[in-house]
Structure formats: structure tokens, C-alpha cells
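Please read the following report alongside the sequence and the coordinates.

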Amino acid sequence: MAETWDEAQLIADGFERVYAELEWYDGPRVGLADIDGKPHYFDGYGQYLGDEADEYRVWPASEAAVQWEREQWAIFARWNQRREAGTVTLESHPGHGGIDARYDELTLLLAPHRQVPDDARRLVGEMRFTAGARYQVEGPDYWFRWRPTR
């Protein structure tokens with residue numbers, strides 16, 4: 001199991017909150033996180049480097065997109081709590097479409113915001129885990145510290 005950190009230590013060490021995870025493959029690939037105190041999308045590219053750090057394309061998220069992402073993430077997180085409790089099955093995942101009308105509506109609203117713009121910055125993200133549930137309404141169980149690529 002990975003080492004976990006408390007929120008105060010993460011903040012002291014320069015890590016910032018992740019609000020939503022949109023894709024995971026050997027680590028976070030796509031999501032929404034604070035960068036320099038403001039919400040940005042991140043999109044991983046290139047080779048995954050392991051637990052240390054990885055490169056991402058990042059771009060600012062609008063206020064509307066942040067609200068919608070957090071609403072959609074909360075729908076997912078609450079579904080996941082029910083799945084872990086054994087009261088729903090994987091087939092009921094809201095991302096399958098046709099299961100949760102608001103989730104589907106948010107997917108359509110968010111599609112253009114999730115597109116990587118040509119002027120996206122490239123940063124390296126170092127990840128640390130927090131204690132607690134993997135998927136929480138506030139966000140997943142990891143934070144990022146960002147730095148420029150070399």
C-alpha cells in the first residue's frame with residue numbers, strides 16, 4: 001500500500017487538491033485539479049513514470065465546467081459508495097449512459113471543456129495519497145504537486 005499523508009502536510013509540501021478523476025490507467029490520466037490555486041484540467045501523455053511523477057497537459061477550467069465536473073463526480077462517488085456496500089452492481093454505473101439522466105446531461109455539457117486546447121501547458125505532476133476512501137465526493141484520494149517539465 002502506498003504511503004498516505006494528511007491534508008495539512010500535503011498543503012505544507014505544496015500539493016494541491018484533485019477534484020475529479022476522469023480516467024485512470026496505471027495512474028491518473030485525466031481529471032480536474034488545482035494548479036497554482038485554480039482549477040485546471042489535466043491530461044496525461046507519454047510514458048507513465050511510476051509513483052514519482054508524470055507529465056501532463058494542463059489548461060484552465062471555467063467556473064461552469066468546475067461546477068459541472070464536481071456535480072458529475074459527486075454522482076459517481078455516491079454510486080461507488082453504494083457499489084462498495086453491495087447495494088448496486090457495476091452494470092448500474094452512471095457512465096454507461098441511460099442510467100442517470102443528469103449524469104448524461106453533464107457528459108454532453110462537459111465534452112467541449114475536456115478537449116485539450118492547442119495552447120495547453122505541459123507540467124509534471126507528483127502524486128501523494130490521502131487516507132480514507134478511494135473515491136470521495138470531495139475528490140479522489142490523491143493530491144498533486146506541479147512543476148514545469150525539464
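## Surroundings of Arg114

Leaving aside residues up to four places away in sequence, Arg114 touches Leu22, Tyr41, Trp59, Glu69 and Gln72, where contact means heavy atoms within 4.5 Å. With Gln72 there is also a polar contact of 2.6 Å between the two side chains; a polar contact is a pair of N or O atoms within 3.5 Å, and within protein one atom must be able to donate a hydrogen and the other to accept it, while residues adjacent in sequence count only if both atoms are side-chain atoms. The model is a predicted one, in which local features need pLDDT of at least 70 and side-chain atom pairs count only at pLDDT 80 or more, whereas totals for chains, interfaces and linings use all residues. Residues are numbered from 1 along each chain as its sequence is written, and side-chain values use heavy atoms, with hydrogens and water left out.

Arg114 sits in the loop between helix 3 (101–110) and strand 6 (121–130), helices (H or I, at least four residues) and strands (E, at least two) being DSSP runs numbered from the N terminus. Its relative accessibility is 23%, so Arg114 counts as partly exposed; the scale calls a residue buried under 20% relative accessible area, exposed over 50% and partly exposed in between, with a 1.4 Å probe and protein chains only. The C-alpha atoms of Arg114 and Leu32 are separated by 9.5 Å, although these residues are 82 residues apart along the chain.

## Salt bridges between strands

Side chains of opposite charge can pair when their charged atoms come close. Counting a salt bridge as a side-chain nitrogen of Lys or Arg within 4 Å of a carboxyl oxygen of Asp or Glu, the model has 11 salt bridges. One of them joins Arg29 and Asp54, whose closest N and O atoms are 2.3 Å apart. This pair links distant parts of the chain, with Arg29 in strand 3 (residues 28–35) and Asp54 in strand 5 (residues 54–60), 25 residues apart. Arg29 counts as buried because its relative accessibility is 8%, and Asp54 is likewise buried, at 2%.

A salt bridge also forms between the side chains of Asp43 and Arg57, at 3.2 Å from N to O. Asp43 belongs to strand 4 (residues 38–44) and Arg57 to strand 5, so the pair ties together parts that are 14 residues apart in sequence. Asp43 is buried at 13% relative accessibility, whereas Arg57, with a relative accessible area of 25%, is partly exposed. In the salt bridge of Glu126 with Arg145, the closest N and O atoms are 2.8 Å apart; Glu126 lies in strand 6 and Arg145 in strand 9 (residues 142–148), 19 residues apart.

## Packing of helix 2 and helix 3

Two packed helices are described by the angle between their axes and the distance between the axes. The axes of helix 2 (residues 63–84) and helix 3 come within 10 Å and cross at roughly 145°, the axes being lines fitted to C-alpha atoms over the stretch in contact, with angles running from 0 to 180 degrees between N-to-C directions. The contact is made by Ala65, Trp68, Glu69, Glu71, Gln72, Ile75 and Phe76 of helix 2, together with Arg102, Tyr103, Leu106, Thr107, Leu109 and Leu110 of helix 3.
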